[in-house]
Amino acid sequence: MFTACESDDGDKYTEVPDPVSPVVMDLTAVPYNKLSDYKFFEGDLKNLQPSYKVLPYELNSALFTDYAHKKRFVWMPAGSKATYTADGELLNFPSGTALIKNFYYENVQPGNTTRIIETRLMIKKGSEWIFADYVWNDEQTEAFLDLNGSFTDVSWNENGSPKSTSYRIPSETECLTCHKINNSNGNSGPLAIPIGTKPQNLNRMYAYTDGNANQLSRWIQEGYLEDNLPGNITSTVNWQDASQPLELRVRSYIDINCAHCHSEGAHCDYMPMRFAFSETTNPENLGVCVEPFEFINPSISHIVAKGNPARSALYYRLNSVDESYRMPMLGRTIKHDEGIQLIQEWINSLEGPCP
């Protein structure tokens, strides 16, 4: 591809080649040993400055991971694009797509520094997705492939409050627990799928370096998404936005934090809850006045007991750090205080009692 450019004298044109993404994506060789091998970022790696055609994005509501911040990017091979299926279904990505998610903390003690812990990739090879997790070195100069899982201690200040955790970098098996969908093809094992890249979660404004734009529109402009979106997309909201209705905030929070397991064909599909945003217009799918499937303790009467968080299994599990009871079971080791407060406020708002 070439672009015609006007010369200084105003009447002559020369053709210059269009920019080409420097990203290296050999599907016969991935995952590479080092994050830098992909050329996703330019300059110092720790700055996470995206290379040409590596597009940043955010979700309306983000999955809680022990207060880690996240920077997300997407890259697709030239000439290929994703297609829309439904508001609440994953975009159908082309082979060669890379979804890039960096986990980091700010105000890390004792020096109030920024520390990137890991970079998780999902790469689509043919019709299936693979995981590649890269653990950053102490010097923040490189991240190395490691799918075995490990822990690393982090202490930081969160909105002025000191916090610490033994952060869990997941193993490949743990990644699959949350990212799997049962394969309908006979005896073959479960398939890995992304979680957040649905139109309902991507339909929002983003502050790009050249101005604000709707993310889905920008993906279309970049050639990353087929221009076949419906006129209206039923979307999740930012659960932290107190101007939004409480129910919408709760449904959005539960969708991104819980629905990947509590959906048909997912890890916890044997449970009665169906937490996908498109399904929680029915309060029973949220567990409202539904008796617990599993015994926790005698004080719990329902998954959600109207007006009574203390008798609600949902609130109990979110408020626990015990591995036997906490939910989500993976991805967090400490309480999400703000999320717990949101759920408590919502349960208290429900007029009861349950029958």
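1. Aromatic pairs. The structure, a predicted model, holds 13 aromatic pairs (rings of Phe, Tyr and Trp, the last by its six-membered ring, with centres within 6.5 Å; planes under 30 degrees apart are stacked, over 60 edge-to-face, the rest tilted). Phe64 and Tyr67 are edge-to-face, because their planes stand at 90°, with the ring centres 4.9 Å apart. Phe64 and Tyr67 are buried (under 20% relative accessible area with a 1.4 Å probe, protein chains only; exposed is over 50%, partly exposed in between).

2. Phe93 and Trp219. This pair is tilted, at 6.4 Å centre to centre and 55° between the planes. Phe93 is in the loop between strand S6 (69-75) and strand S7 (98-108) and Trp219 is in helix H3 (residues 215-221), so the pair ties together parts 126 residues apart in sequence. Helices (H or I, at least four residues) and strands (E, at least two) are DSSP runs numbered from the N terminus. Both Phe93 and Trp219 are buried.

3. Cluster. One aromatic cluster is formed by Tyr32, Tyr38, Phe40, Phe41, Phe73 and Tyr134.

4. Charges over rings. The charged end of Arg218 sits over the Tyr208 ring, 4.4 Å from its centre (NZ of Lys or CZ of Arg within 6 Å of the ring centre and within 35 degrees of the ring normal). Arg251 lies over the face of Phe277, 4.1 Å from the ring centre.

5. Basis. Residues are numbered from 1 along each chain as its sequence is written, and side-chain values use heavy atoms, leaving out hydrogens and water. Local features need pLDDT of at least 70 and side-chain atom pairs count only at pLDDT 80 or more, whereas totals for chains, interfaces and linings use all residues.
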